[in-house]
Amino acid sequence: MAHQTDVLICGSGSAGICAAVWLARTGINFRILDKRSGPMKLGQADGVQCRTVEVFESFGVAEDLLREAYHVLEVAFWSSDCAGKIVRTGRTADTQPGLSHQPHVILNQARLNGILLDLMHRFNGQKVEYGFFVKEVRVDCAAALRMDTYPVTVTTEKDGVEEVFEAKYVLGCDGAHSSLRRSLGYKMIGDSTDAVWGVMDIYPRTNFPDIRKKATIRSDAGNLLIIPREGGSLVRFYMELPKGTVAKNVKLEDLHRTAKRIFQQYTLDIAGTFWWSAYSIGQRLVDHFSKDNRVFLTGDACHTHSPKAGQGMNVSLQDGYNIGWKLTAVLKGQARPEILETYNLERQKVAADLIDFDRSFMKLFSQKISQTNVSAAAQHFNEQFIKSGRYTSGLTTKYGDSLITSSRRSKQGLAGDLVVGMRFPSAQVVRFCDSRAVQLVTALAADGRWRIVVFAGDIRVPVNAIRLDKLAKFLASPSGPVTRFTAPNSDIDSFIEPIVVLHGERSQMEQELIPEYFWPVTGPWQMRDLHKVFVDDESYNSGHGKAYERYGVDVSEGAIAVVRPDQYVSLVTAVDDHDAIGDFFEDFALPRKSTIVDT
């Protein structure tokens, strides 16, 4: 007899676990299978970009990650000089100021996954089921047109025994050699180069001065990238091996010898090697990301590339972050199934951009040093590396227009730095109810809710107060989106939550000036929630008073930003443009006044 589940996740890598956290947090019925015998003990990925740390923050577990990780704060550039010695040619901040309030860090993928697995278990007591190998995936195309069916059949094998699962949706998160992808007949399109790189995690004894910094060395003897690891001793080396090297023939001694040769005048004694590998560079992209809007490929199952830019685990995890909240919204009857089509639209472009970036990044690393102008060549490399920092931090992703992202309806000029289609950046503000200085993005937790962030200006000014009051009445009215799309007997903020950011002297404002809609009665104790109102105020409690400036919002005009559950901006409009807000939600949200059984 087949096992039935709403969502079947095949593979417990970063993408699969991240999607599972969404489902577990919001009460969706799912199962997560993996062909391995147990949890990952040693992951090969280690770079955790700023955006990924923001994702962990949205789940409430960034502190665990930051406490254990190595924080990458500075990059040092080294290159051969005319005499053949390596010299430092520059330094720069690893993450340029203002890109993110979170840092770029290094932490082993196994530990990273472990944090998410623990979180998943805390939400619903669920664990990964190991030892399941996917043999076949079939989709009943006719049944897939109806929401009340389980149209996807997945045949697996565990300990020589065949087990069958029937699911409404399936996520293929089973890696570069995905058996689920092969069963669908999908192909990885791309190529590989002759370039071979070696990587090793070592305990180095050396007098090289930047061994505990991220550093690049471009020398006549080869190129090397240094990534310090967590714990204070371990260091990862990526190094380009000589032309003509065959990856499968590489020995550990080859990597040790190459590293020592690149270090030139500095000593390098390798006390121990924790892990090593050699690989040829290749970039590939799957020809289809999904099938019948029921099966979705994520992570390495749909895009592979070199590890040098530290993107693989991060982009994979954000694939899961993207599809997880959308499946939740559909299965809870909050949104039309058509929003799932945006997974292809959004993540396929991200993957294609990643492949293009990886090619250019590898070309930059492999360029030979000009012997005619060593200084200029080094300067060019440093500048291009710095330019790539915005991309490698994970902050350049911009989603195109769709059911859930609308630049067409937006008045972008009202908040020039809240770019429609990009993630909502943070700014420090003061929470009105308790005077605590906080990052605004902490109000946008990953719990499945949409946010309407209202920049109302100074409500001691009558015109601003009247405008905010009219907005409150619209949102709470029978024809407004909050009332129309919130489930009966649910808290008024359970689907669309208002967040208000005021401006001015907080000490001169009173709670009664704020319409009651923005501090509603909610929760098991039916108490007033006073935590939705913030003030852009410069005061003794660390408010900077720069949030409106940060977002490009005029204090006298104000603005509204509609923010998706994954913290991406969907709409920017005027505080009094009620129609734009209502029309936006009408496009994809399902009215909840009729009886809908949640899954």
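This is a predicted model: local features need pLDDT of at least 70, side-chain atom pairs count only at pLDDT 80 or more; totals for chains, interfaces and linings use all residues.

## Leucine 471 and the cores

Leu471 belongs to the largest nonpolar core, which has 108 residues. It is listed among those with the most contacts inside this core, along with Val7, Phe59, Trp450, Val454 and Phe585. Helix α7 gives the most to this core: 9 residues. A second core of 27 residues is separate. Ala427, Phe455, Ala547 and Val553 are among its members.

## Helix α7

Helix α7 covers residues 312-331. How far apart are its end C-alpha atoms? They are 29 Å apart. At 1.5 Å a residue, its 20 residues should span 28 Å, so the two values agree.

The helix is largely enclosed by the rest of the structure, because 20 of its 20 residues are buried. Just after α7 comes glycine 333, with a positive phi of about 75°.

## Aromatic rings

The whole structure holds 24 aromatic pairs. One of them joins phenylalanine 59 and tyrosine 321. Phenylalanine 59 is in helix α2 (residues 50-59), while tyrosine 321 is in helix α7. The two are 262 residues apart, so the pair links distant parts of the chain.

Are these two residues buried or exposed? Phenylalanine 59 has 5% relative accessibility, so it counts as buried. Tyrosine 321, at 2%, also counts as buried. Elsewhere, ring pairs link Trp78, Phe208, Phe237, Phe263 and Tyr266 into a cluster.

## Charges over rings

Two arginines need a look here. The charged end of arginine 294 sits over the ring of tyrosine 169, 4.8 Å from the ring centre. Arginine 528 places its charged end over the ring of tryptophan 519, 5.0 Å from the centre.

## Cysteines

A disulfide is a covalent bond between the sulfur atoms of two cysteines. How many disulfides does a search of the whole structure find? It finds 0.

Take cysteine 173. Its closest cysteine sulfur is in cysteine 10, 7.7 Å away, which is too far for a bond. Cysteine 173 is buried, with a relative accessible area of 8%. For cysteine 302, the closest cysteine sulfur is in cysteine 173, at 8.9 Å, again too far for a bond. Cysteine 302 has 0% relative accessibility, so it counts as buried.

Note on methods:
Residues are numbered from 1 along each chain as its sequence is written. Side-chain values use heavy atoms; hydrogens and water are left out. Helices (H or I, at least four residues) and strands (E, at least two) are DSSP runs, numbered from the N terminus. The expected span of a helix is 1.5 Å times one less than its number of residues. Buried means under 20% relative accessible area, exposed over 50%, partly exposed in between (1.4 Å probe, protein chains only). A nonpolar core is a set of buried Ala, Val, Leu, Ile, Met, Phe, Trp, Tyr and Cys residues joined through side-chain atoms within 4.5 Å. Rings of Phe, Tyr and Trp (its six-membered ring) pair if their centres lie within 6.5 Å; planes under 30 degrees apart count as stacked, over 60 as edge-to-face and the rest as tilted. A charge sits over a ring if NZ of Lys or CZ of Arg is within 6 Å of the ring centre and within 35 degrees of the ring normal. A disulfide is a pair of cysteine sulfur atoms within 2.5 Å.
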